[in-house]
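My notes follow in the order I looked things up.

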Amino acid sequence: MTVLCFFLVFMNVDLFLKTGHCAETRDQILSITPKTQEQVDLLKNVSTQYETSLWQPVSPQYIREEAQVHLFVPANSSETVKDLLQRHAITHEVLLANANELVEMQMRNDSTDPRSSSTFYERYHSLEDIYDWINRTTHDNPNTVKAILVGSSYEKRPLYALKLSLNDRPNKKAMWIDCGIHAREWISPAFCLWFVHYSLSFYKQNADITHILDNMDVYVLPVMNPDGYKYTWTTNRMWRKNRSLSKRSACIGVDLNRNFDANWCTEGASHDPCTEIYCGAFPESEPESQAVADFLRSHKDSVQLYLTIHSYSQMLLFPYSCRLDEAENHSDLLEMTQEAAQQIKRYYRNIYKHGAGAKTIYLAPGGSDDWAYILGIKYAFTFELQDLGRYGFLLPPSRISRACNEALLAVKVIAQRVLEKTQAQTHPPHTD
Ligand SMILES: [Zn+2]
């Protein structure tokens, strides 16, 4: 570092003379816990006025006293931001001193490296790779996997959902899993690929997945926001929204998980296109959310379980997120997530919070799980996968398998319970 610093000083004497010390050369993730309202206000200001990206909470409005803030600070803002924090006596912890290295690690495709022992599913994949994988998977499993074109994105990329149908039982029920609503949450698409691979590999090998697939078809949409996902690979790793242009602002993108018709754009979402939680011009204004909503509307009689995969923060959430009152089957949903969290703790020693969205995090209207629930899919969940902020969105590839196995366990527990509940309804027990 000293050598590098010296070199940079040598290259840029002016900057050195102005700041008096060497400028940071690396993007960093800071963890900051504001202690007073003044510090809260300053942090809100930093996260909006400077070129930073707020990781947690999702929007400055949720910054509160004594609650941890995770802030991505690019190298060129690092000194300014740290000076500002110091001047206001706000202490910070560096969660990641070299985020660039993690980004590079995540993008590295070491499939051709013979020393690498990681499999295809233990790496992150570009959008093109995922489209290839969809092709390959349907081609290799012609009797059990079908790609369904459910719509296309704002930039006209196809939205393919894979339908896994392992037998031809009549009147089979179904579950839906979507991944990658939020572009920067890379572990999410990785999970969808993991899930499909596991299902196809362990059907007839593992009793739980066999029981589930014998009784349910599964629809898997690996990347719901392909334009945003592509953008995180090419231009801005921290992008969250889709890439649609606004008629009234230069700011780009709608938060697809605020764009569904569930108390749309009430407290917890924003009409401002420049925010990360912009709800769009009207419910389902975006082709991505409309495609998913249309598909679920036309399959609502068969789809009994809706799952949407996000990161990070390790939570198993269920409706409502858009209002504070309890869902009608709240105790069932609570029981299912509680059991899933207990199993994760037992097998992986990892803690997942669980509960209704609005009470566990904060109000978030217009989300897909609430919308699916209101449509009539009574078992609807949002999973927030690893981790708790150590790496955040930059979870290293070496952590993919653990993160996916935990989530897989939760899917299995919940799907089994849903089958029990719904089968009990179809075949009521004898009362005599
Ligand atoms: Zn998300």
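This is a predicted model: local features need pLDDT of at least 70, side-chain atom pairs count only at pLDDT 80 or more; totals for chains, interfaces and linings use all residues.

**Entry 1: Ile344**

I began with Ile344, which is found in helix H11, residues 330–348. Skipping residues up to four places away in sequence, I found that Ile344 touches Asn350, Tyr352, Glu406, Leu409 and Ala410. I also checked Ile344 against Ala407: they are 63 residues apart in sequence, yet 8.2 Å apart in space, C-alpha to C-alpha. Is Ile344 buried or exposed? I count 22 other C-beta atoms within 10 Å of Ile344, and the cut-off for buried is 20 or more, so Ile344 is buried.

**Entry 2: Glu384**

Next I looked for annotations. An unreviewed UniProt entry places the feature "active site" at Glu384. In the model I found Glu384 in strand E12, which covers residues 379–385. Glu384 is buried, with 22 other C-beta atoms within 10 Å. Which residues is Glu384 in contact with, leaving aside its neighbours within four places in sequence? I got His310, Ser311, Tyr312, Ser313, Gln314, Met315 and Leu317.

The unreviewed entry in UniProt also has "domain: Peptidase M14" at residues 123–418. I looked at that span: 37% of it is helix and 18% is strand, and its end C-alpha atoms lie 31 Å apart.

**Entry 3: the sheet**

Then I traced the strands. I found an open sheet of 8 strands with mixed pairing, in the order E5-E6-E8-E7-E9-E12-E10-E11. At the edges are strand E5 (145–152) and strand E11 (353–356), each pairing on one side only. From one strand to the next, the twist averages 20°. Helix H6 (residues 127–140) packs on this sheet, where H6 touches E5 and strand E6 (158–164). The direction of H6 makes about 145° with that of E5.

I zoomed in on one pair. Strand E7 (residues 173–179) and strand E8 (residues 216–221) run parallel and are joined by 6 bridges. What stands opposite Ile177 in E8? It is Val220. Not counting residues up to four places away in sequence, Val220 touches Ala161, Leu162, Leu164, Ile177, Cys192, Phe195 and Val196.

**Entry 4: the core**

Ile177 and Val220 turned up again when I looked for the largest nonpolar core, which has 119 residues. Along with Phe191 and Leu307, they are the residues with the most contacts inside this core. Helix H14 (residues 400–426) gives the most to the core, with 10 residues. Where does this core lie relative to domain 1 and domain 2? Domain 1 (2–102) and domain 2 (117–426) both give residues to the core, so it lies between them.

**Entry 5: the two domains**

The centres of domain 1 and domain 2, taken over C-alpha atoms, are separated by 32 Å. I found 14 residues of domain 1 in contact with 12 residues of domain 2. On the side of domain 1 that touches domain 2, at least two residues each come from strand E1 (28–32), strand E2 (53–56), strand E3 (69–73), strand E4 (92–96) and helix H5 (99–107). E2 supplies the largest share of that side, 3 residues.

How values were computed: Residues are numbered from 1 along each chain as its sequence is written. A nonpolar core is a set of buried Ala, Val, Leu, Ile, Met, Phe, Trp, Tyr and Cys residues joined through C-beta atoms within 7 Å. A residue is buried if 20 or more other C-beta atoms lie within 10 Å of its own, exposed if 12 or fewer, and partly exposed in between; C-beta atoms are placed from the backbone. Helices (H or I, at least four residues) and strands (E, at least two) are DSSP runs, numbered from the N terminus. Domain bounds come from an automatic or database domain assignment. Two residues are in contact if their C-beta atoms, placed from the backbone, lie within 7 Å. UniProt positions are given in the numbering used here, feature names are shortened, and annotations may be inferred rather than shown by experiment. Two strands pair if DSSP finds at least two bridges between them. Axes are lines fitted to C-alpha atoms, for helices over the stretch in contact, and angles run from 0 to 180 degrees between N-to-C directions.
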